[in-house]
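Trainee: Before we look at any single feature, could you take me through how such features are read from a model?

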Amino acid sequence: MTLVRFLPRLALALALVLVAAAAWVIVHRHQLDLAMLDARLAALGPWAPIGYVVLYAFGAVAFVPGTLFALAGGALFGPLWGSIWNLTGATVGATLAFLAARYIGGDWITRKAGGLLKRVIDGVDAEGWRFVAFVRLVPLFPFNLSNYALGLTHIPLHHYVLATLVCMVPATVAYTWLGHAGRGALAGDTDAVWYGLLALGLLAAVALLPRLIKRLRGSFGWIEANELKRRLDRGEAVIIVDVRAPDEFVGPFGHIATARNIPVAELEGRLSELAGLEQAPIVLVCRTDKRSATAARTLGAAGFTQVNVLRRGMEEWNETGLPVQAQAAQATAAASAAKGMAF
């Protein structure tokens, strides 16, 4: 039996396991308090961490708030092992939800996610694993729902899992320490105050990440070559500004057919050529993306609000095999030379 023929059965088995697990968690979610977890896990002996990870993972699938488990992990296992088990459970749960959405419940997730889904898909199309990293570092999107929504994108599974695992570390450690501090405070541990302050400080740092990331990235976004081509093919009114020098614009890499050429060194003095486009989607292009990023900051400072940079510029555009404008200037020069030789 080939893998392709076996996939429907695998998807059905996964669906049955997830439905059964989610149903159990939903039915017993009112019992998910610290005392119950402590008693149940103590009965498992050395298998307690595995039991906890499994419960956390299926809780994520069943939309149980991950914060509850993160705090419980710190209270039950301490700051170090609690962080490890919390991170493992959250990653496994996020992966199960991702696979369920990709292979089983796409239509249901589409209806459930609504506008969130479009933002996630657009973000992943433009940024790839970087968008997943941003979602995990800065929890602006609901964790449980974003797991399913990301499963409907085209991101490779290993990119998703790695970005999820690495970038959930700050928030996971913070909540785990907070849970540990809370239990210590109830037990009269005076050091618990310092644990709590440490956790709150880390949470504050996580809360400030959006501003920091925006500052590091600049007031612009990124777009991949294939995504730009799709938008152009759909007839979207995307303004493409090529910021290379004129000789590069008609050089070996060519240029995108609808691009206008404004070299980055001249951009500030030629902003009048873009007057009225402050709210329009603009994509900046150069050979790589260094000069485009500089130009994007200039446009951002001038009040342009929808600026994107073509990642890896014309190098990526050419490597992907996308069409470029014919080198009209070079062709004209060649024709003139040929005509001169004829005389």
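Predicted model: local features only at pLDDT ≥ 70, side-chain atom pairs only at ≥ 80, totals over all residues.

Mentor: Residues are numbered from 1 along each chain as its sequence is written, and side-chain values use heavy atoms, with hydrogens and water left out.

Trainee: How many salt bridges does a search of the whole structure find?

Mentor: Side chains of opposite charge can pair when their charged atoms come close. A salt bridge here is a side-chain nitrogen of Lys or Arg within 4 Å of a carboxyl oxygen of Asp or Glu, and the search of the whole structure finds 14 of them. One of these pairs Glu236 with Arg231, with the closest N and O atoms 2.9 Å apart, and another pairs Glu227 with Arg234 at 3.9 Å. Through shared partners, salt bridges join Glu227, Arg230, Arg231, Arg234 and Glu236 into one network.

Trainee: Where does the kink in α4 lie?

Mentor: Helices are DSSP runs of H or I with at least four residues, strands are runs of E with at least two, and both are numbered from the N terminus. The bend at a residue is the angle between axes fitted to the seven residues ending there and the seven starting there, and in α4 a kink of about 125° lies at Gly78, shortly before the proline Pro79. Helix α4 (residues 66-103) has 38 residues, yet its end C-alpha atoms are only 23 Å apart, short of the 56 Å that a straight helix would reach, the expected span being 1.5 Å times one less than the number of residues.

Trainee: Which residues have the most contacts inside the largest nonpolar core?

Mentor: In soluble globular proteins, nonpolar side chains tend to be buried together. A nonpolar core is a set of buried Ala, Val, Leu, Ile, Met, Phe, Trp, Tyr and Cys residues joined through side-chain atoms within 4.5 Å. The largest one has 20 residues, and those with the most contacts inside it are Val241, Leu274, Ile282, Leu284 and Leu299. At least two residues of this core come from each of β2 (239-242), β4 (282-285), α15 (290-301) and β5 (307-310), with α15 giving the largest share, four residues.

Terms used: Buried < 20%, exposed > 50% of the residue type's maximum accessible area, 1.4 Å probe, protein only.
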